[in-house]
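Hi,

Here is the structure I promised to pass on.

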Amino acid sequence: LVFSVEHPAAGYRKIFDSVEELNEAIPAEVIGTIPSWLGGSVLRMGPGLFEVGGEPLNHLFDGQALIHKFDLKDGGVTYHRRFLRSDAYVRAMTENRVVITEFGTAAFPDPCKNVFSRFFTYFKGIEVTDNCSVNIYTIGEDFYAVTESNYITKVDPDSLETLKKVDLCKYLSVNGVTAHPHTDTDGTVYNIGNCFGKNMSLAYNIVKIPPAQKDKSEPLEKSKVLVQLPSSERLKPSYIHSFGMTDNYFVFVEQPVKINLFKFLSAWAFTGATYMDCFESNYSMGTWFHLATKDPPDYLNSHRFRTSAFNIFHHINTYEDQGFIVVDLCTWKGHEFVYNYLYLANLRQEWEEVKKAAVNAPQPEVRRYVLPLDVHRVEQGKNLVSLSYTTATAVLHPDGTVWLEPEVLFSGPRLAFEFPQINYSQRSGKKYSFAYGLGLNHFIPDRIVKLNVQSKETLTWQEDECYPSEPMFVAKPGIVLIDGVLLSVVVKPGAQRPAFLLILDAVDLKEIARAEVDAIVPVTLHGMYRHPRTEQNNQDTS
């Protein structure tokens, strides 16, 4: 990989600009030939409105949710987008101000209320945002836009209309779940979120949502908590963005980035704090790996795995091999919260200033950790990992904990391999060879990377002044595991048609085709590919 790529024109700032929705789909200009077997839709979620009432929103995750769709049919492509009609969006548009506090932007006070009425409004409690801008996935036969709160939003994948707001608290004992669930081949959905138990005790619940029901009933009504994992601190849950799952186990990585619930429940209500204001780091806890079985569901409290501190957002893959669980992660060294560097003011700076800020940020690495399932009857101080293909270690300490040291699969100065994807339908939870990711150069997305997790070799797609999004793997029909395409929405500011859907050969990252549209597309976070015939999809569960 080349690490010295410069962006003096700062075209990346365009992906953080507000846009308008489209009244109808617009045609794309196709360059190259789209494979005959590739059809369906690319659905993406991300922020699309970065100011309200003349006041800027502060954080990347504050922008109002915009759903995008590229339709592929008979060799042609169209592009459509609409804002999600969340309560946060509708009320902001109606009152011309931020009404519901977002991730890093506090609600703007209602000018029609005096200080006493504002006080009692705050006293009633916290109004949680339903700005579902992070991902989209299926539950049963329905499509939901999601964020990390307790609200998900049912949408029509054809018209992109907002259908219904759903409160998961009505069905499950969780305060919120991640935007990265796992899905079994039968459509069963698994996710994880934190919850309050007896006496204000805190725990993490893994939940199970069944597949589409033959009687057409709502799968959410039959959802349940499968297993509960303990929290290392009573009132400070760790931030959760994803988790690992194999055929027989769940893996939860409890990181030192914490949510201070005292701030969340008190200071916010009276001082107008944001979600970002409620995060803090535990300097001393390091990072814990929790293990639970799927069937029967049970927390393995005798397996206490620990390592040094890091931030974790995305799991790449987790699988079992010869009595071990291999966990591949996109990590950021240390305990400082990476989201501190994703304020829009930072991301919109000139290139030299962006680089200066990134120098102080945690260093990204792709790491492999190996968890031994048999941690008993072994000699203390001895490496328990016997897999021949990894240098990762696990050592039993006198206090019963197993200290983990990783194998580094990828590392580059200020270059992150993030937003990872695999051939999920065939390799999730199984030994695999390739991961595909978005290359973040000092937090700016400017390349697509294919990583061989066995040889550590990489391939890269990159083009001057082009800013891609998370690459989605779509398998070619058949049984060849590595054959397929990568789909990415790319922005090229200044071009005649400044955005395009890029189609790459997943084997060698050679361009197959692109579908250019006369519209700027702001940054998208995650999404899914919707198959044209069976309506099955390769969901983003990284």
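His526 sits in strand S37, which covers residues 526-530; strands here are DSSP runs of E with at least two residues, numbered from the N terminus. His526 is buried, at a relative accessible area of 2% (buried means under 20%, exposed over 50% and partly exposed in between, with a 1.4 Å probe and protein chains only).

Before you read on: this is a predicted model, so local features need pLDDT of at least 70 and side-chain atom pairs count only at pLDDT 80 or more, while totals for chains, interfaces and linings use all residues. Residues are numbered from 1 along each chain as its sequence is written, and side-chain values use heavy atoms, with hydrogens and water left out.

The UniProt record (an unreviewed entry) puts the feature "binding site" at His180, His241, His314 and His526; its positions are in the numbering used here, feature names are shortened, and annotations may be inferred rather than shown by experiment. The four are spread over 347 residues of sequence, yet they cluster in space, with a largest C-alpha distance of 12.5 Å. His180 is in the loop between strand S11 (162-167) and strand S12 (182-183). His180 is buried too, with a relative accessible area of 0%, and its side chain makes a polar contact with the side chain of His241 at 3.1 Å. (A polar contact is a pair of N or O atoms within 3.5 Å; within protein, one must be able to donate a hydrogen and the other to accept it, and residues adjacent in sequence count only if both atoms are side-chain atoms.)

Next, the sheet. Five strands make an open, antiparallel sheet in the order S2-S36-S35-S34-S33, where two strands pair if DSSP finds at least two bridges between them. S2 (29-32) and S33 (472-475) are at the edges with a single partner strand each, so one side of each has no neighbour in the sheet. Further in, S34 (residues 484-491) and S35 (residues 499-505) are joined by seven bridges, and Val485 stands opposite Asp505 in S35.

What about the core? The largest nonpolar core has 91 residues, of which Leu38, Tyr339, Phe443 and Leu487 touch the most other members. (Such a core is a set of buried Ala, Val, Leu, Ile, Met, Phe, Trp, Tyr and Cys residues joined through side-chain atoms within 4.5 Å.) S34 gives the most to this core, with four residues.
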